[in-house]
Amino acid sequence: MSEINKDIVQKQTQPEALQPEALQPEALQPEALQPAQFGYWKSLAQWNQDSEFQKAAAQEFQSSPLREEELTEEDRDGGWARREFLKLMGASLAMASTACIRRPVQKIVPYNKAVEEITFGLPNYYTSSYFDGAESLGLLVKTREGRPIKIDGNPKHPLNGGASSTRAQGSILSLYDPERLHGPRKISSGTAVETTWAEADASIVAQLQKGGVVVLTGALNSPATTALVKEFTQGFKAKHVQYEALSSEEIREGQKASYGDEAVPFYHFEKAKIIVSVDADFLGTWLAPTAFTRQFAAGRKDPATMNKLVSFDSNYSLTGANADIRVKIKPSQQVDVVMGLAHEIVVKKGASKFAAQSSVKSALAAFAETPTKLGISHELFSRLAEDLWKHKGQSLIVAGGLVTQTEAAKDLQVAVNFLNSVLENDGATVDGRSGFSGLKASTKAIFELIEEMKKGSVKTLVIHGVNPNYTLPSAAGFREAVKNVGMIISSSDRVDETGTVSSYVLPDNHPMESWGDAEIIDGVYTIQQPTIRPMYDTRSFQLSLMTWAKIAKVGGKRISSSDSYYDYVQAIWKDEIYSQVAKAAAKGTNKAAGFESFWDQALQTGVVDLGKQTKSSPARTFKLDALNSVKAKSASGLELVLYPTVNLGDGRFANISWLQELPDPVSKICWDNFAAVSLATAEKLQLKEKTLVELVIGGRSVKIPLYIQPGLHNDVVTVAIGYGRTAAGKIANNVGVNAFDFAKIEKGALIASGLIVELKPTQEAYKLACVAGNATMEGRKIVAEATLTEYLKEKGANNHRHKTFSIWSGHQYNGNKWGMAVDLNSCTGCSACMIACQAENNIPVVGKKYVLQGREMHWMRVDRYYVGNPENAEAVFQPVMCQQCDNAPCETVCPVLATVHSSEGLNDMTYNRCVGTRYCSNNCPYKVRRFNWFNFTGPVEKPLNLQYNPDVTVRPRGVMEKCTFCVHRIKAARNQSRLENRELKEGDIQTACEQVCPAKAIIFGDLNDPESRVAKIFKEEPRAYGLLEEFNAAPAVRYLTKIRNNDQEKRFPGTEGASHNKGGHA
Amino acid sequence: MMKRKALVIGHKTLQEVTEDIVAPVETMPGKGWISLFLSAKLLFLFYIITIAIVVSTGMGLLGVNHPVGWGTMIVTFVFWIGIGHAGTLISAILFLFRQKWRTSVARTAEAMTVFAVMTAGIFPLIHTGRPWLDYWLFPYPNQRGPLWTNFRSPLLWDVFAVSTYATVSMVFWYIGLVPDFATIRDRARHKIRRKVYGALSLGWRGRARDWSHYEMLYLLLAGLSTPLVLSVHTIVSFDFAVSNVPGWHTTIFPPYFVAGAIFSGFGMVVTLMTLVRIGFPKFKDYITIDHMEVMNKIIMATGMMVGYAYACEFFIAWYSGNMYEKFTFINRAFGPYSWAYWIMVSCNVLIPQIFWFKKLRRSIPIMFAVSIFVNIGMWFERFVITVTSLHRDFLPANWGNYAWSNYDAAILFGSFGMFLTLFLLYLRLFPAISIAEIKPVIHVGQEDCRKPDQKVDHKGGH
C-alpha cells in the first residue's frame, strides 16, 4: 500500500479509535447501574444493588452499548457484540474503499525558475548544421522546453532551404539513442570498462608523446575542426588521414586528370535543360541530394519548360526511377555510355571544338557501336546526343558514387568531364572552381595507412567519425593491422565495430550537443549550435584533441588561447570568415559590423554566404591526354553493384529505427538488404523470391535474400550497403548482410562495382518486409501521367475528371478550409516526408515482424507503382496521406463518433473516444488509417521519449490514428495570428511533409482563400485530379499529373485517351 | 391425398412421452456425456484464456492488419449469429404457419439459437481495440458531454439488432419452457430439485387460465420474433453493405445473408440433432427421420438461394461496369484466397445437391457429413466476404494478406467450446423436447403406422 493510502486508512479509522475514550465517562452510564444517589428507586433489589438485578437491568434495553462492553467472551452466546461488529465493519469498509480511492496524488511544482528564453509550451528554434560524410545541410532545430525534438532545413540556407533529407530528419533520434555511451570507456580484452576522462587523458597523452600518431577522421568540412586537427597533428608530429566509405575520390582524381585541380565541383541542375546521369544517384544518395533535388525540381516546375532527365542505371536508383528516359546498363558499360555519347556528338555530328582533333577521334573510335552494346536503339542514342548538343551549356552529365567505383572509376570521370567540356557545360552547369571543398576523404589513403599500421610505424591511432572496421572489406586487413598499433582511440558514441578493436572509446558529443561549423560548399558557411547540454559524461572530439595538446604542451596558439572548442570556433570564424566578410565590406562603402554582431547574426541566420557561387566561373581547359587511358572494355558474367540506400547511407545511422523501417523508395522493402536481379536472370538461374540465395564472390559465399527487381539489367545483381552491422545497437545489429565486405581491393583502390559474382539458389526460406502491396496500378487511374507532347497539346492530358453529384448540399466551411496539392511531376519519392511526419507526429516503429504482418504505422506513405513491362519498368511515386475527405467514408461508420468533420474540413480523430472497431479503416478507400495493434508507444525506451512532440498525443493501444494535416501546427499558427490580431495568411502554416520536401511537391493552404496556391490549383490547374475522384469522397487533396519528357507522342500508345483512365464510374 | 406421417412414432402414451423426455434430466449422465462435457469445458476454459491474452496484449495477436481490419472475430461473429437463425425460424415462423413437425425440434433449435447468439455476442465486444470501453457503443445519458453515439453507423444498428434478438429469443425460449419446468417440478423427489424447477416454472399450476395466458403470450412472442429473424441478419449484413468496400457494397446482402443464416442454422440443427439422437436413443421416436428429412430439404433450398446470390453478385459486378467491383469478384474466385472461395462454393452449393436423392437425405451419416460441410462452408462464406474484399481494395499499393495466427485458430475453435459447454448442460438440465407441445401431436398420422412391429417397448429404464 502506498503512503497516501495509509494516510487515508488512518483518517478513516481515527473516529473509531477515539470512540472508546469519548464515550467512557461515568456520567453516561445508565441510571440503573448507578448507586441510587438521586434517591429514587424502583425496588429493593435496586436499592441493594443486587447483582442479579443489575444483570437484568443491563439487558432490559437491547441496544445498551454498555451491556456489550461489559460482557465477557463467555456471555455472548457465540454472537457478535454490536460495537465490535461495527468496528470490524468500519475497518473492513475502510480497507475495501482504499482499493477504489482516487489515484495517488503526485504533486508537481511549477516552473518557477524559468529559463529566460523559454516560454512554456512554445518551441524555440536554433540554427545548426548537419554533415554525414557527404551531404551537409543547414538546419533549424526545433526545441521544446530545452530538448530538441525536430530537425528541419534552415529556410535561409542557400542550398537546402527549408528542406532536409531522410537521414538528417532521422539523426535526431541518434541523440536520444538509449545505447549511447554515458561516459568514457577503456576496452580491455574485448570488454568496455568505465573510466574517467582524467585517467584516460593521462594515459593517452603519455602514449601520444611516444610519436607515431595518426588522426583518422571522416571527411572534414568544418573549418574549425580542420584547423584544429592541423594544429594538433603539427604539435604531435602526427599524420592526418581522411577516409569515408562513400568518398568522392574518383571525382577528384578525374578532375585532376582532366583539369588539373582536385576538387569536387558543384553542379547546377537547375540550369540544365537536359541531364544525363550515369549511375550518379543525385536525387537519392550522391553528394548533396537534398540540394540537387531542389535544383532538379525547380527545373521542372513548369512542365512546358521542364528539363529532361536521362538515366543510365545499373542499379534501380531513385534517380533512375525519376528519369524521363531510363536505360538499364551494367557497371562495365558506364564508360561506354559517356564515350559513346561523345562519339555521337564529336565524331558523328562533327560538332564541338574537339571535332577537328584527330587524337580525340581516335580515342572515341572504339565507342562507335555503343548503342548496340547497350542494347538500345541507335535512334534513341543519337537523338539523345542531338538533344545534348542542342542544349550545350545547358546540359549536364554526371557520374559518380559507389556504383561507379569500378576499375575504370577515374576513366569514367575523365569521360564525363570531357563530355561536359564538349558540351560547354564546364563553367555553366558544372562549377569546378567552387565546389564541395570539404570532401577530401580518400580510400587510397586508408590503404596506405593500413600498410603503415602493419609495419608497426603507427603507435597511436585516433579515430573520429568513421568506422573502418565495418566499412572496409575484411580483405583490407584492418583487423589484422590494428594488432600492431599501440593504442587506438575511438570517438564513437558507442562501442561500435571499430570500438571493439580500440583501447579507448571516448564518446564524442552528439552534434546537437556541441559547437561546430561547416563549409558546405566554397564560401557557404554554417555554424553548428548545440541545442541541448551534453546528456551524458561525453566530451567533444575537438575538446579532447585540445585537452591532450594542452596537457602535452604542444599545439599552436589557438589551442593554448582557447578554453573550449566554442572559443576555438569563434577564433577561427573571427580570423578566417569574418576577415573575408570585413575585407569584402571594406571594398565597398559599407563598414563591416564588429565581430560580435557578425557572430550573433551568423548564429541567428545560420548561414554566411560569401557569394562565391554567384560569380560566373569560366570554363576550364580539358587536358586531352587524360582521354588516353579511357579504353573500351567488354565484360561478361553477373556484375555486382553495391549501392547506398536513401535511408541508411553508409550505415552510420543504422541504429535509428525510423530509418530502418523507412521502406527503400524503389523496392519498398525495409529492415533488410537483399540481392536484386532481373526477372529473366532469376528465371535463368532458378532463383526464387522468399528464399535465400548464395552469392559467390572471390571464392567466398554469403547467403542473402533474393528480390526480383523489375527494370534491372540481366547481368547485374545489386546489394545495398549499410546493413549487417554487428556492434551498432539492438536495432541495427544483424539486420541484413554487410555488403562492404564484398568489395575488392586492387592496386590500392577499392572496387565496389562491376565485380563478377555468381548466384546459386538455396532452399532456405526468407521473407523480406515489403510494404508495397502490388507493383502495378491494375489499370486504375491512380497516378495520372502524360508525355510532354501530350501536355503541350492539352494541359489536362490523360487527366480524366469525373462528374460527381451529391444528394445533399455538403458541409459548409465558413472560415478556413484546408487543402493540399501534391505535384507528382516534382515528387521524386525520396520519402523525406515520411520521416518528417514520423518525427512530427510521434509515430511508433513496429519492427520487421509486424511490417511483415502489415502493421506499419506511417501516417504518410509514398506509393510506388511500376509502369510498363518488367524488363524496362518505369516507376511512379505517389505520396498518400489522409485525404481529409468532405464526404468522408470513415466518419459515417464510426459508432462512437471518434472521427468527426471539423468546421475547417478536417477529419478530426479523437483518440480518447476511439474504442477501436477499425470500421473507419475498412471503409477508407485510401487506407490511410493506422491502428495501434499493440502498445507500441508504451515500451519506448528512455530517453527516446524525449524526442516526442508535446503538441501531438502519444496514442495508446487499441486506437486508430492517421494524418491530421498537422492540425497542431494549424492551431499554433492561428494562436500566433490572433496574438498579432490578424487573419491567417498563406504561408503561416506548413505541414511537416510540406516543410521537408526538397522538391516542393507538397503545397498546403486554405481553399477558402482564393489567392492561395492550393485554391488556384483546385480551381484552375488542368493537371489536378482527386485520387479515386469518381468515388465522390471529395478528398481535400489534389494530385497533379506527372509529365514525362521522353520524346514520345503518347504515354500509352495504341490507346485512345489513356487506357488506364477508363475505369470506374462507381 | 397424401397421408400424414406420424410425428411421434411408437404409440406413446402421455406418460411415456413425459418420461421419455425428462429422462435425461432425471437420470445421472453416462460416461459419454461426461467425457464430452469435460472436453467442451476444457476448450471453453482455453477460449477464456485466449480471450484474456488477446484483450490484455492487443488485437495484433490475431491476423487482423492493414488493410484487413476485420478478421476471424467478425467472421466467427457472423457465423454464430447466422447459426442462431434456425431456432427462431423454427419456433416462431413455423409456429405461426402451424407446422406441427416443428414441435420436436423447436426446443433444441431454440436453445441452439440462444447459445449461438451468446457465443456470437462475445465477438463484437472483444474485437475492439479497447474492449473495456465497449459500453460507449450504447447510447445512454452520460457525463462526457454528454457524448452520444453515431446513429449513422451500421455497427451501432448491429448493437441494437443483436441485443434485441438475444433478449427476445431468450424470453421466447424461456416462456416455452415454463410448463415443462412445472412438469419436472411436479415429478421431483428431491427438495432442491423441486425448489429450483419450482422457481424456474414461475408458479405454474397448469390451470386453464395459465394455459390461456401462456398460449396468448407464446403467440405474441412468436409474432414479435418473426420480423427479428429477418431483421437481425439484415442488419448484420448492413455492417458490410452500407460501407464502401467493393465486395461489401451490394444491395443483395440482406436477403442473401438471411438465406445464408437459415441455411447455416439448419445445418447446425441437423448436426446437433443427429448427435442428440445418438446420445438419447429414445428421442429417435420424437425426432424422426422424417423430421430430419424436412430440415434437409430446407438446407437444400436455402443452399440454392445462397448459390443464386453468389452467381448474382458476379453478374452484377460485371453488369455494373464498376472496375473495382469486377476486380474484387475475379480476385475472389482466382486470387490468393480462391481456395476459400471454392471451399465455400463446394460446401454450400454443390454438396447439398445430394439431397435431391431421397435415400441420401434420409441417411443419418450422410446428412451429418453434409451438415458439417455446410457449417464449414458458411464460415468460409463470411471469411470470403470479410477478408477477400478487404485485402485488395482500391489502391493496389495497400494490398496485403490476412496474417492468420494461432490466436485466430484458438478463438475460432474456442468459441465452439463455449457453445458446446452450454449446449451439453442444456441437454441435461432442460427438457430437450417440448413436452407440452408434443403431447397434442402424438396422434398425428398415427393411423399410418399402426403396424404392430413398430411398437417399441418403452418399459423400464427410468
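**Figure 1. The largest nonpolar core of the predicted model.** This core has 441 residues, in a model that is predicted. Among its members, A:Val338, A:Ala342, A:Ala415, A:Leu642, A:Ala675 and B:Val269 have the most contacts inside it. Helix α9 of chain B, residues 253–279, provides the largest share of this core, 15 residues. Apart from it lies another core, of six residues, including A:Ala786, A:Leu788, A:Ala797 and A:Ile1043.

**Figure 2. Surroundings of A:Leu642.** A:Leu642 is one of the residues with the most contacts inside the largest nonpolar core.

**Figure 3. Packing of helices α5 and α6 of chain B.** Helix α5 (residues 103–126) of chain B packs against helix α6 (residues 154–187) of chain B at an angle of about 150°, and their axes are 10 Å apart. α5(B) is therefore roughly antiparallel to α6(B), the cut-off for this description being an angle over 145 degrees. The crossing in which α5(B) passes α6(B) is left-handed. On the α5(B) side, the contact is made by B:Arg107, B:Glu110, B:Ala111, B:Thr113, B:Val114, B:Val117, B:Gly121 and B:Pro124. On the α6(B) side, the contact is made by B:Asp158, B:Val162, B:Tyr165, B:Ala166, B:Ser169, B:Met170, B:Phe172, B:Trp173 and B:Gly176. Sorted by class, the contact of α5(B) with α6(B) has ten nonpolar, four polar and three charged residues.

**Figure 4. The contact between chain A and chain B.** In this view, 46 residues of chain A are in contact with 42 residues of chain B. On the side of chain A that touches chain B, at least two residues each come from β32 (861–867), α29 (889–893), α30 (919–923) and β36 (930–931) of chain A. α30(A) gives the most to this side, with four residues. The side of chain A that touches chain B has 20 nonpolar, 17 polar and nine charged residues.

Figure 5. B:His66 is found in the loop between α2 (31–57) and α3 (72–83) of chain B. With 23 other C-beta atoms within 10 Å, B:His66 is buried, because the cut-off for a buried residue is 20 or more. Leaving aside neighbours within four places in sequence, B:His66 is in contact with A:Gly854, A:Arg855, A:Ser921, A:Lys927, A:Arg930 and A:Phe931 of chain A, and with B:Gly400 of chain B. B:His66 and B:Leu425 are 359 residues apart in sequence and 40 Å apart in space, C-alpha to C-alpha.

Conventions: Residues are numbered from 1 along each chain as its sequence is written. Chains are lettered from A and ligands numbered from 1 in the order in which they are written. This is a predicted model: local features need pLDDT of at least 70, side-chain atom pairs count only at pLDDT 80 or more; totals for chains, interfaces and linings use all residues. Axes are lines fitted to C-alpha atoms, for helices over the stretch in contact, and angles run from 0 to 180 degrees between N-to-C directions. Angles under 35 degrees count as roughly parallel, over 145 as roughly antiparallel, 65 to 115 as roughly perpendicular and the rest as oblique. A crossing is left-handed if the near helix is turned anticlockwise from the far one by less than a right angle, and right-handed if clockwise. Two residues are in contact if their C-beta atoms, placed from the backbone, lie within 7 Å. Ala, Val, Leu, Ile, Met, Phe, Trp, Tyr, Cys and Pro count as nonpolar, Asp, Glu, Lys and Arg as charged, and the others, Gly among them, as polar. A nonpolar core is a set of buried Ala, Val, Leu, Ile, Met, Phe, Trp, Tyr and Cys residues joined through C-beta atoms within 7 Å. A residue is buried if 20 or more other C-beta atoms lie within 10 Å of its own, exposed if 12 or fewer, and partly exposed in between; C-beta atoms are placed from the backbone.
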